[in-house]
Amino acid sequence: MSNNAVSIKHLNKSYGKLKAVDDLNFTVQPAECFGLLGPNGAGKTTTMKILYGKSQPDATPTPYIDIFGHHPKQDALVIKSFSGIVPQQDNLDTELNVRDNLYIYSRFYGLSGSDALKRIAGLLDFMELSEKAQVKIRELSGGMQRRLTIARALINQPRLLILDEPTTGLDPQVRHLIWNKLRELKEQGVTVLLTTHYMEEAFQICDRIIIMDKGRKMLEGVPRELMKANLEAYVMEVYGADGHNYPGITLDQPGIRCETYQDTLFVYSDKQDRLVSFAESLSLSDYYIRQANLEDLFLKVTGRSLNELQ
């Protein structure tokens, strides 16, 4: 048994000719927030499903999967007993109210009536839903339903919390509330494993990330360190340009890297003043200079064009 919370080696998953996960390797430390990033079809959700036993990996080559000393094929129920799962889509019982949704779920884990009610009251308070305890699910906002789904995943006081795109479609206020709650859980010793399309989310709450594309791991590490090692510090966006027609301007200049997408030119450099000089030489007024971010790194690694699975 390793000291890691999660250890994955040589994980593969195919659906016919489609290679959804391709020789994936990573480890997650206890009480760490670890993020899987990638475009649609990158294999993030498939990986999650394998970890909690809903999907089986390819048998060859033989994968190594260790989740707190257990393998999902042999010990699926054990892993589920100490894990909390938040799927992409909320699957709450719309005929029940908030408290009853949690109470029924608590019975799956053998909580007694009094213990369950005490645990439910604490979770509703934690997710700021106490005033909604008697409200039917269909009367809740999308953000409230998402918070309730997370509360439900915490009913068994899990060691491992797996969240598949936990804040997709939520407004910024709810998103930030969920981020704060995940930080609190991590401080309490919960290991958090999540997928997300929000680069700011990954940057804010993930201790480490992997960026996946077409089932493969492209980069792994601490977000800030990955950016420093693989990306320039600043980027200038020039709008309304085709990226090819700049009379008298040489885009291939020392300390400058250019990308084009549709009618926008992206110019990267470690020197902000170099971008300012470059912008002046373009004789274009519609541009914006900013610090590069994790989304820029994501697009550099995975590309700006949509793949066939998106």
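A polar contact is a pair of N or O atoms within 3.5 Å, where, within protein, one atom must be able to donate a hydrogen and the other to accept it. In this predicted model, such a pair involves Glu32: a polar atom of the Glu32 side chain lies 2.8 Å from the backbone nitrogen of Gln29. Glu32 is placed in the loop between β2 (18–28) and β3 (33–37). With a relative accessible area of 7%, Glu32 is buried. Leaving aside residues up to four places away in sequence, Glu32 touches Thr27, Lys186, Val190, Thr191, Val192, Asp207 and Arg208.

Most residues other than glycine have a negative phi, and most peptide bonds are trans. Ala31, in the loop between β2 and β3, has a positive phi near 60 degrees and is partly exposed, at a relative accessible area of 30%. Gln157 has a positive phi near 50 degrees; this residue belongs to the loop between α5 (142–153) and β6 (160–164) and is exposed, with a relative accessible area of 58%. The peptide bond from Thr60 to Pro61 is cis, with omega near -5 degrees. Pro61 lies in the loop between α1 (44–51) and β4 (64–67).

Helices α8 (residues 223–230) and α10 (residues 294–302) pack at an angle of about 60 degrees, and their axes are 10 Å apart. The angle makes α8 oblique to α10, and the crossing is left-handed. Pro223, Leu226, Met227 and Asn230 of α8 make the contact with Leu294, Leu297 and Lys300 of α10. By type, the residues of this contact comprise 5 nonpolar, 1 polar and 1 charged.

Conventions: Residues numbered from 1 in each chain as written. Predicted model: local features only at pLDDT ≥ 70, side-chain atom pairs only at ≥ 80, totals over all residues. Heavy atoms only, no water. Helix = DSSP H or I, 4+ residues; strand = E, 2+ residues; numbered from the N terminus. Buried < 20%, exposed > 50% of the residue type's maximum accessible area, 1.4 Å probe, protein only. Contact = heavy atoms within 4.5 Å. Axes fitted to C-alpha atoms, helices over the stretch in contact; angles between N-to-C directions. Parallel < 35°, antiparallel > 145°, perpendicular 65-115°, else oblique. Left-handed = near helix turned anticlockwise from the far one by under 90°. Nonpolar A, V, L, I, M, F, W, Y, C, P; charged D, E, K, R; others polar.
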